[in-house]
Each structure stands twice: as structure tokens, then as C-alpha cells.
Amino acid sequence: RYSLFYNHLKNIEESEGGLDKFTKSYKTFGVNQLEDGGIYCKEWAPGAEAVFLAGDFNGWNPFSHPYKKLEYGKWELFIPPEDGCSPVPHGSKLKVVIRAQNGALLYRISPWARYVVRDEDKVNYDWVHWNPPQSYIHKNPSPKRLKSLRIYESHVGIASPEGKVASYKNFTYNVLPRIKDLGYNCVQLMAIMEHAYYASFGYQVTSFFAASSRYGTPDDLKEMIDVAHSMGITVLLDVVHSHASKNSEDGLNQFDGTDSCFFHSGYRGNHQLWDSRLFDYANWEVLRFLLSNLRMWIEDYRFDGFRFDGVTSMLYHHHGIGTGFSGDYNEYFGLHVDEDALCYLMLANHMINSLHPECITIAEDVSGMPALCRPVAEGGGGFDYRLAMAIPDKWIQIIKELKDEDWNMGNIVHTLTNRRYEEKYIAYAESHDQALVGDKTLAFRLMDAEMYTNMSVLMPLTPVIDRGIQLHKMIRLITHALGGESYLNFMGNEFGHPEWLDFPRIGNNESYHYARRQFNLTEDDLLRYKFLNAFDRDMNRLEERFGWLASPQAYVSEKHESNKVIAFERAGLIFIFNFHPYQSYVDYRVVIWHSSLTVAFRYKILLDSDAGEYGGHQRLDHNTEYFSEEYPHNYRPNSIMV
């Protein structure tokens, strides 16, 4: 694999003048404004017989501005300035006109288009030339690379209690302060790359270089990222390079009139489950397109890194469909692995690390591919983190299938600690996947219909609501503290957002009722959502103070099946969880890690899920001090009594 990567890198150096020049192609391809006022256009359309540019600027004459054919399927066009001004004004609508091999004229949006919009009375998007007289100027530097990553997974369009598509401006001034207050230091933005179908959650991308216009302008997004940086918040983009929308009128599909171009032709170029097109990662121009795309998002918008979606689909020819992964190495090495896709990921991480070493990359891989998060120089994939995707599945399985008294402590600990050595994992109890219609969030699984009637503090605390609130806090804390080297939460789930997430579509009469986040629920003192919100905030702030995510993996000293107790130590803190449905314990002895003590250590409670401000029963005295003893317990020489 490293040899394949190295050969690609060597070829880029020899034929393109290096990776830096190769990935700057976003500045030359598409339609670009020159300093003298002229316009330079460049496209890759290997299956085209001829290429033209048409738009408002030439009265939509499809033949007046032909491109010149270059080598390797490339085409270029230069339009001189008119009286020192651009011949294509800012805001003009454009189309690339392709004469296909069968003679048909195809009106296409450039794959490199920076801004596309859709009029309310239209189905398809239009390409708009974006060249404002004064672009947004970033004022704040990017935050330094974080040691402890606490990620707030977000969707701009649903980030409002109102039933509408929310804006970049709303997110900037209403949501970012909330994220900061909750103690998250990183926001991961979904559905930013333009996608024609809103209900696709941003995973059916049509224009890879365009920020979604349904939330505002490119400058609005740049301002949003700049304000986040002013708060010390790192901003990651959920990038979709695993597949593309099948749209041809306003997407990449059949751009030059052929079935291939950016994609594999035939069966290999189509994803059976996603009904989308699959990139040909062995193609030189596809590599140019995708690598340049990453660089554009970093340099133009100042994103601080990426979460790569659908990595499992990229890694294997079977795309993970109908395939289970046990961890056996035969599952990761063989002819079923798409080495071209893996090589692309190595190139992407190498480019990002070389040109922007402060940036972070995350792999969404459910298969457990070995070395995916090891450096490229070691033959690894080069990612910084991978998602611990088994953890949310485990919590769902436990809650759905087992009674409280049947929870297996050893199985919970195994799932939370079962990760590849020296590869960093992002732990999460739930993400957007669990919030979507057809699934249930943890809060909804725990409390279900009673969330509609019994979340008011004026109502008696029912056993279902009491159990749900307490387990919601405990599940999140043990996942945060034991499950990885980073933590992720999907917006709204921190306070147990009721119901599910469903975008407007024909099946729900185009309703926005479930395509929103009801942040206002936490601001109502009469509702119990405020307790979960406060616990999540203080949990993050405690991690900020002690940095357990950046500390070595925890030492688990107890997983007691009959007591339903889990205890472990990390970053100098002792975490103790009692999952028993009805049994409390007095004078419970717990191991401390120190092998020898010359002085007694004194411990105090820092975070208590049973505290009143978190909706607990206040059964612990926070003024109590606990002292270590040279008293052997669980094969360790020292312990404390709690």
C-alpha cells in the first residue's frame, strides 16, 4: 500500500510539479477571475466533442464562447476584460455546454462551481458566478491543534426551534455561544457541501466546491467559521468523497455525456444501497478534483479539518454491504480491498498533514481497518481519529433488549475499551444516525411517551422519567471518560431532545416540524431538560480541567456483575458507576492506582449525577472527604472507602 502511495506521489512530483501545485487546481479549474479583469475557464470533459460557456453574459448563446481542446481531456477558455471590467459580472448565471458524442447539447454546472442556487419555482439548481467586489476577510487565527477534542456535531439548517431552514447567521449568533457555554471546543458541520435534496442530510452531494446556499452566502459561512475561531472553537467539515449524487442536470453525473468521467462506468460505478455514483480513485483527474476540493475548504473557508464520511464503503469493493467484521486480518487484506481508494485517503491525509499540519482528519469506518489512524510513513491511512461506532450500537442493544438487572458490566467495559493500540478513537453514545426517523435517541428509548407528559417539574417524578434521566447522564459520562481519546455529541441530544429528526419530504407532507432543534426546552425552568443540559456542560468543563481524553487509557479496577458497579481511574480521577436498578452501597471499597503511598491521598466529589442541579436525589454529601489507605483490594495495595 505504501508503494502504491509513493508511486502516486512520485508521479505527481514529476508530471505536475509537486503536490502543492497539483492541489491548487481549484484556482484554475471552473470559471476564475483574473487580476486584469479577464476570465479564465478550464474543465475536464474527456468524453466531450466540444465545450462552450453560456450564460447571462452572452445572452445564453451556446456557441459564442467555445473552449480550446487541450491534452488529456482538458478544455480551456479565456475571455478578455471589457474596458478593464469582468465580462462575466458577479451574480451572473452560467452553464457549461457540452456537445456529447451523440451530438446532443448538454447544459451542465461546472464541477468546480463555487455557488449554486435554486429558485423557489424550480427543481434544479443554477450555477451563479460568485465574485463579490469585497470578499469576507478573516479576522481571527485558527485555534491551535487540540489535545482533548469535544465535538458538537451540527446541522446548520435544523439549528433553530422554528420550523424552517435556519441560516449561517442564526448559527453564528445563536448556536455558537451555546456550544461554547456547553464546554465543547469543536464543531463538526454536516450538510455544507451543496446537495440538491435537503432530506439526504447532505450525503448526496451535487456541487463539491459550493457551500450550501439554502443557509446563506459563502461569505456568511466564512463569517461563521471566523466567529467560531474567535471563541477558540475548532471547525470540522463533514466531507463526502465516498460517493456523489446521481443528478446530472445539477450534479457530476454524466458531466461529459458519458457514464464514466469522474466515476467508474457500469456496475462498479453505482452504489446499490445509496443509489449514487462511485468515484474512480485510480483516475488522475479524479485525484486532482478531490484533493483540490479538500484544500479549497481549508484555505478559502478556513476549516480546521474533516470527518470523512463513508470510509468503509470506500475501502472495500463490497462497500461493507452484507459483510460483518470480526477483526480477523483476512477481512482487511486481499482482493476485496479497494487499494485505489485507500491510496487516495493516504494521499489526502499526506497532503493535509504536509500543507496544513494543524488540521485534523477523522475516519468514519465501521470495519476496524488496521492502521487506519497510523502515519502514512508507517503504511497507515494517516487519519488522526476514527469513530468508535460499536459504542452507540451497544447502548441501543442493551436498552432495547435487556432488563436493568441483566446489564453485563464486563460487556459494557469491553465495548468501551476495545480499540486498536495507539489509534485514537472518538467515543459517542449517539450521533445523528440514532436521531433520524425510524430510529430513536437514547432519551426517547429510555423515556418514550412519558417525555410528552412528565418532563415538567410540576409533575410527580415517575419511575420511567427518573430512570431515564439518571441513565442518560451515566451513559454519557462513562462513554466520555472510558470510550476513547475524543468525544462527540449530536446537537440537542445533550439535553435529551424529544422525538426524532425528519426532513421535509413527500412522505411527511414537506413538514419542518421534526427538522428543528428545540433549544428553548433547556431555557424553561419548569422542564427537566435543564438538568441534562447542565450535567453535559459540567461534564465537558471537568474534562477541560483534567484532560482525561488526552490521558492514557483508563485502568479499570472493578466490573462487578452482582453489584452492577464499574470503577476506573483516568487522569488522576476516580470514576465510580452504580448501574444497579435499586441497590445503593455504604462503605464501598474501591481501588486506587498508586502502588505505594508515603502519604494519604485526599479525594473529594467533583461531579455527581445524583446532585440536585442535575435532577438527582442529593443522596451524597459533597463536603465529605475520602482518604486513601494502605488496604489491599482487588489485587492492588491501596484503596479508599466511599
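The legends below describe close-up views of a predicted model. Local features need pLDDT of at least 70 and side-chain atom pairs count only at pLDDT 80 or more, while totals for chains, interfaces and linings use all residues. Residues are numbered from 1 along each chain as its sequence is written, and side-chain values use heavy atoms, with hydrogens and water left out.

View A. Helices (H or I, at least four residues) and strands (E, at least two) are DSSP runs numbered from the N terminus.

View B. Eight strands with parallel pairing form a closed barrel in the order β10-β11-β14-β17-β18-β19-β20-β21, and the twist from one strand to the next averages 30°. Strands count as paired if DSSP finds at least two bridges between them; β19 (residues 385-387) and β20 (residues 424-427) pair in the parallel sense over three bridges. Arginine 386 has tyrosine 425, in β20, as its bridge partner.

**View C. Helices packed on the sheet.** Helix α3 (residues 168-181) touches β10 (149-155) and β11 (186-190), and its direction makes about 150° with that of β10. Helix α7 (residues 339-355) touches β17 (305-308) and β18 (360-363), its direction making about 165° with that of β17. Contact means heavy atoms within 4.5 Å; axes are lines fitted to C-alpha atoms, for helices over the stretch in contact, and angles run from 0 to 180 degrees between N-to-C directions.

View D. In the pair of glutamate 543 and arginine 150, the closest N and O atoms are 2.6 Å apart; glutamate 543 lies in helix α13 (residues 529-546) and arginine 150 in strand β10, 393 residues apart. Both glutamate 543 and arginine 150 are buried (under 20% relative accessible area, with exposed over 50% and partly exposed in between; 1.4 Å probe, protein chains only).

**View E. A salt bridge between arginine 505 and aspartate 502.** The closest N and O atoms of this pair are 2.9 Å apart. Arginine 505 counts as partly exposed because its relative accessibility is 27%, whereas aspartate 502, at 7%, counts as buried.

Terms used:
A salt bridge is a side-chain nitrogen of Lys or Arg within 4 Å of a carboxyl oxygen of Asp or Glu.
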